[in-house]
Amino acid sequence: MQAVMKRSLIAAALLAPLLAFAQGTVQHLSGTMSVQRADGSVRLLSERSQVRVGDIISTERDSYAQVRFTDGGVVTLRPSTQVRLDEYRFSEGQPQNDGFAMGLLKGGLRKVTGLIGKRGNRDAFRLSTPTATVGIRGTEFAANFIPQAADGLAPGTYITVSEGSIAMVSGGAEQVVAIGQTGFSSNLTLPPALVPTPPGLPRINPPASFSSNQPTTLAGGSGADCTVR
């Protein structure tokens, strides 16, 4: 009995650092998703795969993925999307040390914020795109980056808010975007502005199973709205 307990304690001690190193977990996946680690290695992800700081995560065509972070936040990625997790700091008893920074490099995502940004430090959350930086005030929003004019859309970053509000920053100016509003930034050097939501703005329509709290393996799975095209 003592030998078994000793082996269990050793296993737990070895596993603890690995668990602490994982900031997020792939909760749902439909299609193909890959990651490039900070060391340059590339691998396919599956449901329950771990996501870490420094990872560049990519979804392929016709693929949706949802990542849940340890603070309770959720990111849903639409097809042909690429994001980079630049920073993640969350300790339940130390809200003053919270930090979340993600770069939207390509495609689109929807973000439902967790505790980071809702407690202690309101500036702890940051989403960057090629034309703007987004901060949150406890919210759910979709972001789209359009690199060149297409489908009647001007190039730039579009942020649409469905809950709470966000602060959109570019050109040294801040634009608050509230529920039902869309903010737009065409360039890092120009101020953002509120615009009517374009009818051709890409939308995220993941499988119905993504609304469940339990992972479900879907066809093609192996192994979080913002958009850059």
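**Briefing: cores, surface and confidence**

The largest nonpolar core of this predicted model holds 33 residues, and those with the most contacts inside it are M33, M102, F141 and I166. Strand 9, which spans residues 99-112, gives the most to this core, contributing four residues. In soluble globular proteins, nonpolar side chains tend to be buried together.

**Overall make-up**
- The chain contains 18 strands and one helix.
- Of the 229 residues in the chain, 45% count as buried, while the accessible surface of the chain comes to about 11,000 Å², with 54% of that area belonging to carbon and sulfur atoms.

**S49 and its surroundings**
- S49 is placed in the loop that runs between strand 3 (42-44) and strand 4 (50-51).
- Because its relative accessible area is 7%, which is under the 20% cut-off, S49 counts as buried.
- A polar atom of the S49 side chain lies 2.9 Å from the backbone nitrogen of S46.

**Confidence along the chain**
- The mean pLDDT of the chain is 83, and 81% of its residues reach 70 or more.
- Over residues 3-20 the pLDDT is below 50, and this stretch has one contact in the model beyond near neighbours in sequence.
- Residues 215-229 also have pLDDT below 50, but for this stretch the model shows 87 contacts beyond near neighbours in sequence.

Note on methods
Residues numbered from 1 in each chain as written. Predicted model: local features only at pLDDT ≥ 70, side-chain atom pairs only at ≥ 80, totals over all residues. Heavy atoms only, no water. Core = buried A, V, L, I, M, F, W, Y, C linked by side-chain atoms within 4.5 Å. Buried < 20%, exposed > 50% of the residue type's maximum accessible area, 1.4 Å probe, protein only. Helix = DSSP H or I, 4+ residues; strand = E, 2+ residues; numbered from the N terminus. Areas by Shrake-Rupley, 256 points an atom, 1.4 Å probe, with all protein chains shown as cover. Polar contact = N/O pair within 3.5 Å; in protein donor to acceptor, adjacent residues only side chain to side chain. pLDDT = per-residue confidence, 0-100. Contact = heavy atoms within 4.5 Å.
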